[in-house]
Amino acid sequence: MASYEAEPIVLAEDSESADVTADLADVGEGTKESDYAGKDVKGKIVLVSAQPGAVQDLAVGKFGAAGIVSYAQNQKTAWWGEDENLIRWGHLETFSPNKTFAFMVSLQTARRLRERLAQGEEIRLHAVAKAGQHAGNYEVVTAAIRGADRQLQDEEIAFSCHLDHQRPGANDNASGCVTILEVARTLQKLIAEGKLARPARTIRFIWPPEIEGTVTLLNAKPEFAKRIKAVVHMDMVGGGPETKAVFHVTRGPMSLPSFVHDVAWAFAEFVNEESYKFAATGKAEFPLVAPEGGKEPLGAADSAYTLGSDHQVYQDSSFGIPAIYLNDWPDRYIHTNLDTAANIDPTKLKRAAFIGAASGYFLARLNVQNASSGLELSSEARSARLAARMFSRIRGLSKAEEASVNQVFTDYVAGSDESLQAFLGAPRSTSSGTRLNANNAKPGELVFARTATPKGPLEVFGYDYFEEHRRAAGVATPKLLRYEGLWGAGEEYAYEVLNFADGQRNTQKIRDAVSAEYGPVPLELVVEYLLAAEKIGVVEQVK
Ligand SMILES: [Zn+2]
């Protein structure tokens, strides 16, 4: 039914070794006690529609199942559930005490099994897994093109991607890994041949495992965090008509205004125009079409910040490094057996490589002398684009909320302009928040700042620092983590609340800032979250 040798995706991550022959029991979703009512699953293998990690504590821990077969589906898009041959990447909980194994099957396989079970047939499965958790190490490869300027060569522009994930993983994320490799090869060649001037700053390339790898790298090697001034991060940059991709040039979080996103967007707009001209007329000076690739226009979108990859580590306020994030969404094959090279568009890779390489090289060269009027233009264009985004958001908000959103966007635009001066070496002015030194501060007047450790986002794949320490300290789950805003929810609010807690802004200002970014949120939720974060030592009050 499933063979790791034929398709490695069939074995869920964090599976343990087993050699079990047991009956199969259908428990539906498998996440609620009622799914098991009237069924004896002890010693059996359970068939579930949820991810293995969501059922293991109940199925294995509580009811004594011997293992799991899951037909969990991949992330929701308009094409979700249409292809019943997809096999999804499965996960058990890394830190669950209820160790077990899980195999992933397609919807089609699961439907057949369920029909046979429903007709009263007994199905006996033989499962063999050789797997387990063990201590190990992961060597993160990096490479650099040394900068030419004695003053600036210790500053770096870093290209990033992520090298882990299921197999196959062509778009997520072999595409990003090979594209930054090709950027490295191309820039190195052009610089060596004298066709491009060696840039002032050093250009670095990093191939880490996703998020945890970058958190570890920046903590273990603080010199990386110190030297890197901007990042070009590529995660899923090869999708096309087959995967239903839209290509995003994603801005940073509003807590970290930066001009680097406008640099990336300027190059993306150029490719949008040239590739459309070519698609529409068959003629363009720079069509950027690969011999075996598609001819569709790129149609890149200038998108608001989203979480989900290593860019969120760099842009966490512990590091404060702006990161251009180039990424596809949707992708109907993400995290499935069909994320294969056959569905990748070479033209798309070429265009992503160009936008990334041009942005990184531009930033590596940028200095006080060549920071020309072209950038002032991009500042005006930025204001116009952000104003459009703001106006689309404030419809339907109260007058007071509207004024507050307007102020936050105005500050953000000013901050982006200022970030250029900071990049060129001018000291950054402090944030616009009012610092109050009241002894009996009201909730909205409290001021918090991140502590020296832990550095980086608190919630990463498979591990939640906040949750673990909150439980240990007996602190209730803050309501902010379950809050659904107009344009964002729980984890996004929490990420930005921490980022905005800079020792300057008071909680009212932080509340206004995250309300402009993700939708109005009550002040008391922000205060409750920060007080909980204080109890576990992530922030401290500034008095
Ligand atoms: Zn990815």
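Student: What covers the buried residues of α4?
Tutor: The cover includes β8 (202-207), α5 (222-227), α7 (311-314) and β14 (459-460). Helices (H or I, at least four residues) and strands (E, at least two) are DSSP runs, numbered from the N terminus. This is a predicted model, where local features need pLDDT of at least 70 and side-chain atom pairs count only at pLDDT 80 or more, while totals for chains, interfaces and linings use all residues. Residues are numbered from 1 along each chain as its sequence is written, and side-chain values use heavy atoms, with hydrogens and water left out.

Student: Which residues of α4 are buried?
Tutor: In α4 (residues 212-220), G213, T214, V215, L217 and L218 are buried. Buried means under 20% relative accessible area, exposed means over 50%, and partly exposed is in between, with a 1.4 Å probe and protein chains only.

Student: Which residues touch the most other members in the largest nonpolar core?
Tutor: They are F205, F247, L326 and L363, in a core of 45 residues. Helix α8 (residues 346-365) gives the largest share of this core, eight residues. A nonpolar core here is a set of buried Ala, Val, Leu, Ile, Met, Phe, Trp, Tyr and Cys residues joined through side-chain atoms within 4.5 Å.

Student: What does L363 touch?
Tutor: Not counting residues up to four places away in sequence, L363 touches I157, R201, A230, F259, V260, V263, I324 and F423. Contact means heavy atoms within 4.5 Å. Another core, of 42 residues, lies apart from the largest one, and its members include V10, V69, I87 and L113.

Student: New topic. What is the domain assignment of the protein chain?
Tutor: The chain is assigned domain 1 (8-129), domain 2 (141-365), domain 3 (373-423) and domain 4 (443-541). These bounds come from an automatic or database domain assignment.

Student: How many Å apart are the C-alpha centres of domain 2 and domain 4?
Tutor: Those centres lie 29 Å apart. Domain 2 puts 18 residues into the contact and domain 4 puts in 17 residues.

Student: At what angle do α12 and α14 pack?
Tutor: Helix α12 (residues 490-500) and helix α14 (residues 523-535) pack at about 70°, and their axes are 11 Å apart. That makes α12 roughly perpendicular to α14. Axes are lines fitted to C-alpha atoms, for helices over the stretch in contact, and angles run from 0 to 180 degrees between N-to-C directions. Under 35 degrees counts as roughly parallel, over 145 as roughly antiparallel, 65 to 115 as roughly perpendicular and the rest as oblique.

Student: Which residues meet there?
Tutor: From α12, A494, V497 and L498 meet V526, Y529, L530 and A533 of α14. By class, the contact of α12 with α14 has seven nonpolar, no polar and no charged residues. Ala, Val, Leu, Ile, Met, Phe, Trp, Tyr, Cys and Pro count as nonpolar, Asp, Glu, Lys and Arg as charged, and the others, Gly among them, as polar.

Student: Now backbone geometry. Is the peptide bond from W329 to P330 cis or trans?
Tutor: That bond is cis, with omega near 0°. P330 lies in the loop between β12 (323-328) and α8. The peptide bond from D172 to N173 is also cis, with omega near 0°, and N173 is in helix α3 (residues 170-192). Most residues other than glycine have a negative phi, and most peptide bonds are trans.

Student: Is the phi of H335 positive or negative?
Tutor: H335 has a positive phi of about 60°, although it is not a glycine. H335 lies in the loop between β12 and α8 and is buried, with a relative accessible area of 11%.

Student: And L288, what is its phi?
Tutor: L288 has a positive phi of about 50°, and it is not a glycine. L288 is in the loop between α6 (260-281) and β11 (301-303). Its relative accessible area of 17% makes L288 buried.

Student: Last one: is E274 buried or exposed?
Tutor: E274 counts as buried, at 8% relative accessibility. E274 is in helix α6.
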